[in-house]
Amino acid sequence: MHIVLTGGAGFIGSNFIKLVLRDRPDCRITNLDVLTYSGNLENLTDIENDERYSFVKGDVRDPEALDKVLADADAVVHMAAESHVDRSIMDSGPFVDTNTRGTQVLLDAWRRAGGNDKRFIYVSTDEVYGSLSLENLEIKFTEKTPLDPSSPYSASKTGGDLLVSAYFHTFGMNVVTTRCSNNFGPYQFPEKVIPLFVTNLMDGKKVPLYGDGKNVRDWLHVDDHCEAVLAALEKGTAGQVYNIGGNNERSNLELTHAILGLMGHGDEMIEYVEDRLGHDRRYAIDASKIKSELGWEPSRSAWPEALEETVKWYVDNRQWWERVRSGAYQSYYEQQYGSKA
Ligand code: NAD
Ligand code: TYD
């Protein structure tokens, strides 16, 4: 099978490529990525010479580039996106353009390439469901929860999500959508909370905790997510949505304490800062459908082991994160408050 993956130079995409090459000897994979600030070919140096892998620099918004790359593909896995909520608050334009319009351009190109009956995976997010309250912790997002996104990021991902659904209903396109919770693991751009906090501490800086720190996320190891996407690709039913979660809900304060503990620091390294605008309070995933229908459940996400391994990766790979964040990157915190080392 020849898979075209969009966004394969990013965090989840680069981990997905390595998983496919390792576990699916009969697959080859083409990585189409325009290399934004978060796309980094250095994430792929260990497999770049594998003859089953190839890279094409191209944009999901560029029909001509897509026509070339999709010509002999058997399946598309669409991960390319602008992915950071804080950036979407500062400027939503690129989010709508890549996440919504880019998905439409890609869907049309896939149809032109004769892909209507071949699998198209849309890697969506649990953030399309909006926010849950902290009142009743039994309530979780199911695939039937109405879409109610609250950030420009999640609204733009919802645009793509709805277009994928529309192409199923209108054209009978062979689409499957996955909606996953927060990922952690190696090669995550250090603007997201876990690598940001670890790298700040390594630089002797405090960690900027938004608001009261009670917001809850369900943390899933990136390898578990990639396995789930592969299950959806190989076994999912066309037109269906599958939630993916880690059964691993933690408040940001619990996460922060865990990181501080692993790195030998105390509460004095927490700096409570102004809350994120429109900050979603809680995400929680009911992933029973993918377990019962596709036989997937998380096996790599349990804490403290998985978090410890991830923290250690950033500690051991200072050169990687210093290079990827140099120049292009200034954290939301630094932009709002200046650098307070
Ligand atoms: P990332 O920001 O690390 O990587 C995104 C990649 O997409 C980069 O390599 C970038 O260069 C590429 N890209 C951006 N715009 C492009 C364009 N116009 N054309 C081609 N390539 C483009 O993001 P990530 O964390 O790896 O997320 C991957 C996908 O998974 C996204 O669709 C995201 O919405 C979804 N997702 C992420 C999480 C998470 O916790 N990170 C959770 C659920 C879903
Ligand atoms: P993030 O990693 O940006 O992922 P998402 O917004 O997609 O959930 O943030 C995870 C949580 O951490 C979220 O509740 C916001 C919080 N956060 C902070 O408290 N401080 C920070 O500097 C960042 C980046 C996030």
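Q: Over the ring of which residue does the charged end of Lys289 sit?
A: The model is predicted. A charge counts as over a ring if NZ of Lys is within 6 Å of the ring centre and within 35 degrees of the ring normal. The charged end of Lys289 is 5.0 Å from the centre of such a ring, and that ring belongs to Tyr242.

Q: How far is Arg87 from the ring centre of Tyr37?
A: Arg87 lies over the face of Tyr37. Its distance from the ring centre is 3.5 Å.

Q: What kind of aromatic pair do Tyr187 and Trp320 form?
A: Planes over 60 degrees apart count as edge-to-face. The planes of Tyr187 and Trp320 are 85° apart, and the centres are separated by 5.7 Å. The pair is therefore edge-to-face.

Q: How many residues apart are Tyr187 and Trp320?
A: Tyr187 is in the loop between strand 7 (183–184) and helix 6 (193–202). Trp320 belongs to helix 11 (residues 318–325). The pair thus links distant parts of the chain, and the separation is 133 residues.

Q: Is Trp320 buried or exposed?
A: Buried means under 20% relative accessible area, and exposed means over 50%. Trp320 has a relative accessibility of 6%. Because this falls under the 20% limit, Trp320 counts as buried.

Q: What is the centre to centre distance between Trp313 and Tyr314?
A: Trp313 and Tyr314 form an edge-to-face pair, with 85° between the planes. Trp313 is buried at 17% relative accessibility, and Tyr314 is buried at 0%. Their rings are 5.0 Å apart, centre to centre.

Q: Which residue has a side chain with an N or O atom 2.6 Å from an oxygen atom of ligand 1?
A: A polar backbone atom of Ile12 is 2.8 Å from an oxygen atom of ligand 1. A backbone N or O atom of Val34 lies 3.2 Å from a nitrogen atom of the ligand. The side-chain contact at 2.6 Å comes from Asp33.

Q: What percentage of the area of ligand 1 does the protein bury?
A: Taken alone, ligand 1 exposes 840 Å². Of that area, the protein buries 97%.

Q: Which element gives the most to the shell around ligand 1?
A: The shell holds 29 residues, with Ser38, Ser83, Tyr153 and Lys157 among the closest. Its residues divide into twelve nonpolar, 13 polar and four charged. With three residues, the element that gives the most is strand 5.

Conventions:
Residues are numbered from 1 along each chain as its sequence is written. Chains are lettered from A and ligands numbered from 1 in the order in which they are written. This is a predicted model: local features need pLDDT of at least 70, side-chain atom pairs count only at pLDDT 80 or more; totals for chains, interfaces and linings use all residues. Side-chain values use heavy atoms; hydrogens and water are left out. Rings of Phe, Tyr and Trp (its six-membered ring) pair if their centres lie within 6.5 Å; planes under 30 degrees apart count as stacked, over 60 as edge-to-face and the rest as tilted. Helices (H or I, at least four residues) and strands (E, at least two) are DSSP runs, numbered from the N terminus. Buried means under 20% relative accessible area, exposed over 50%, partly exposed in between (1.4 Å probe, protein chains only). A residue is near a molecule or strand if one of its heavy atoms lies within 4 Å of it. A polar contact is a pair of N or O atoms within 3.5 Å; within protein, one must be able to donate a hydrogen and the other to accept it, and residues adjacent in sequence count only if both atoms are side-chain atoms. Accessible areas come from the Shrake-Rupley method with a 1.4 Å probe; for residues, only the protein chains shown count as cover. Ala, Val, Leu, Ile, Met, Phe, Trp, Tyr, Cys and Pro count as nonpolar, Asp, Glu, Lys and Arg as charged, and the others, Gly among them, as polar.
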